[in-house]
Structures are given as structure tokens and as C-alpha cells.
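Dear colleague,

I am passing on the structure we spoke of, and below it I have set out what was found. Please look it over alongside the notes that follow.

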Amino acid sequence: MIGTPAAFNGSVLLGAPSSDGIVVKLLSSDQSGTVTLDYGPASGGASQQTTATALTAGEPLTVPLTGLAADTAYTYRVNFAPSGASATAGSSAGFRTARRAGSTFTFTIQADSHL
């Protein structure tokens with residue numbers, strides 16, 4: 001019986017937001033294969049895709065997204081293809097590039113209350 005290709009099963013961490021980019025870090029403890037990211041402005045949906053990059057189980061993968069517009073909301077989706085199989089698209093998520101100087105924003109800090 002042929003199984004359904006698995007979606008990306010790992011962690012996604014977004015960091016280093018700038019006015020024209022963001023860094024996406026991916027880590028899966030048990031999956032190896034190929035990853036691409038679909039991304040684009042939230043108002044227009046995913047319109048760009050990164051080059052396919054090899055993902056090795058247990059090793060972090062860094063994918064920079066550059067050439068983005070400042071102070072803009074984006075959506076992205078991780079597409080994962082196990083070795084020798086077709087890609088499966090993950091669910092959409094979002095981020096925003098750095099806001100312009102002087103803009104207001106809100107952020108939340110969460111901590112473990114069991115310290």
C-alpha cells in the first residue's frame with residue numbers, strides 16, 4: 001500500500017526581521033527530504049517560491065527570504081517532499097517585515113510560570 005506523502009513535521013522559527021527580509025529556520029527530528037517555501041504579500045497570497053533545499057533530519061536549515069517590502073504582512077507555507085516522493089504543502093502562516101521607524105506596534109512576551 002502506498003502512503004500519502006507526509007507534510008513537514010518539525011519546527012519553524014522566524015527571526016531577524018528587517019525592512020526587506022526575514023530568516024526562516026526549519027528543524028525536523030525525523031524527516032529528511034526537500035523543502036521549498038511559498039510566500040507572498042498577505043493581500044495577494046503566495047506568489048513566490050524558494051529554491052528547493054535539502055533538509056536532513058536533526059539538522060537545522062536556514063532559508064532567508066529577501067527582497068520583501070517594508071512594513072508588509074506576508075503569508076508563507078512550507079512544502080516538504082520526502083526523498084523520492086512528491087511535495088506536500090503545509091498550512092499557511094504569516095509574518096510582517098520590520099515596521100517603519102516611528103510606527104507603533106504591540107508584542108507579547110510569554111514565559112514559563114513554573115520557574
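To begin with one side chain, Phe95 has a relative accessibility of 9% and therefore counts as buried, the cut-off being under 20%. Please keep in mind throughout that this is a predicted model.

Tyr74 is buried as well, as is Phe95, and Tyr76 counts as buried because its relative accessibility is 9%. Together, Tyr74, Tyr76 and Phe95 make up one aromatic cluster.

As for ring pairing, the count comes to three aromatic pairs. In one of them, the ring centres of Tyr74 and Phe95 lie 5.4 Å apart with their planes at 10°, and because planes under 30 degrees apart count as stacked, this pair is stacked. Since Tyr74 belongs to strand 7 (residues 73–82) and Phe95 to strand 9 (residues 93–96), the pair ties together parts that are 21 residues apart in sequence. Tyr76 and Phe95 also pair, with ring centres 6.1 Å apart and planes at 45°, so that this pair is tilted. Here too a residue of strand 7, Tyr76, is joined to Phe95 in strand 9, so the pair ties together parts that are 19 residues apart in sequence.

Turning to the strands, there is an open sheet of three strands, in the order 1-2-6, with antiparallel pairing. Its edge strands, each of which pairs on one side only, are strand 1 (11–15) and strand 6 (61–66), and neighbouring strands of this sheet are turned against each other by 20° on average, direction ignored. Strand 1 pairs with strand 2 (residues 21–27) in the antiparallel sense over five bridges, and Val12 stands opposite Leu26 in strand 2.

Terms used
Residues are numbered from 1 along each chain as its sequence is written. This is a predicted model: local features need pLDDT of at least 70, side-chain atom pairs count only at pLDDT 80 or more; totals for chains, interfaces and linings use all residues. Side-chain values use heavy atoms; hydrogens and water are left out. Rings of Phe, Tyr and Trp (its six-membered ring) pair if their centres lie within 6.5 Å; planes under 30 degrees apart count as stacked, over 60 as edge-to-face and the rest as tilted. Helices (H or I, at least four residues) and strands (E, at least two) are DSSP runs, numbered from the N terminus. Buried means under 20% relative accessible area, exposed over 50%, partly exposed in between (1.4 Å probe, protein chains only). Two strands pair if DSSP finds at least two bridges between them. Axes are lines fitted to C-alpha atoms, for helices over the stretch in contact, and angles run from 0 to 180 degrees between N-to-C directions.
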